[in-house]
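Notebook open. I wanted a quick pass over the fold, then the helices, then the charged pairs.

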Amino acid sequence: MGCKNHRMLPLRGAYLNLDDGFGSAHNRKCMFHAGLIPNIPENPRNRKRAKRGRKRLFNAVIHALRLRVERTFAWEDKLKRLLLRFERIQQRHYGMKLMAYTLINLRAFRGA
């Protein structure tokens, strides 16, 4: 069963970004068996000394991008007209999204 026949996205080798609460050994093992690369920050869990053994894989750049995307979705959710989708015509909804992103960027550049 290849991915070509079923028109599915190939996920093998893809990063799976999660919060540090999902970093248990069992969860990481399941992700590796599924062919995914877990990208989970290390949670020190009140340790006085560093954890022994091999360092776990963590790509901070990819994780920072994830946080940026989540923040943008949160800003979009604040705009009720987009959240409830009052516009039935696709072009109008797309235009509203463009206006919302313009306002979000304007706020970010202004520093508010």
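Helices (H or I, at least four residues) and strands (E, at least two) are DSSP runs, numbered from the N terminus.

Housekeeping next. This is a predicted model, so I kept the cut-offs in view: local features need pLDDT of at least 70, side-chain atom pairs count only at pLDDT 80 or more, and totals for chains, interfaces and linings use all residues. Residues are numbered from 1 along each chain as its sequence is written, and side-chain values use heavy atoms, with hydrogens and water left out.

**Overall fold.** I found five helices and two strands. Read from the N terminus, the order is α-β-α-β-α-α-α. I put the accessible surface at about 9900 Å², with 59% of that belonging to carbon and sulfur atoms; these areas come from the Shrake-Rupley method with a 1.4 Å probe, and for residues only the protein chains shown count as cover. Of the 112 residues, 17% are buried (buried is under 20% relative accessible area, exposed over 50%, partly exposed in between; 1.4 Å probe, protein chains only). I also looked at contacts (heavy atoms within 4.5 Å): among those with a separation of 6 or more, 27% are between residues 24 or more positions apart.

**Helix 3.** The buried residues I noted here are His-63, Arg-66 and Glu-76.

What does His-63 contact, neighbours within four places in sequence aside? I get Asn-17, Leu-18, Asn-39, Pro-41 and Phe-58. His-63 has 9% relative accessibility, so it counts as buried.

**Salt bridges.** My rule was a side-chain nitrogen of Lys or Arg within 4 Å of a carboxyl oxygen of Asp or Glu. By this rule I count two. In one, Arg-66 pairs with Asp-19, with the closest N and O atoms 3.0 Å apart. That pair links distant parts of the chain, since Arg-66 is in helix 3 and Asp-19 in the loop between strand 1 (15-17) and helix 2 (25-33), 47 residues apart. Arg-66 is buried at 15% relative accessible area, while Asp-19 is partly exposed at 38%.

The other bridge joins Glu-70 to Arg-66 at 2.9 Å, N to O. Both sit in helix 3, four residues apart, about one turn of the helix. Glu-70 is partly exposed, at 40% relative accessibility. Shared partners join Asp-19, Arg-66 and Glu-70 into one network.

**Helix 5.** Residues 90-110 make 21 residues, reaching 30 Å from first C-alpha to last, close to the expected 30 Å. Buried here are His-93, Ala-100 and Ile-104. Down the axis of helix 5 they fall within an arc of 40°, so they line one face of the helix. The face turned away carries exposed residues, including Gln-91, Tyr-94, Leu-106 and Phe-109. Just after helix 5, I noted that Gly-111 takes a positive phi of about 90°.

Key. The expected span of a helix is 1.5 Å times one less than its number of residues. The arc is that of the directions from the helix axis to the C-beta atoms.
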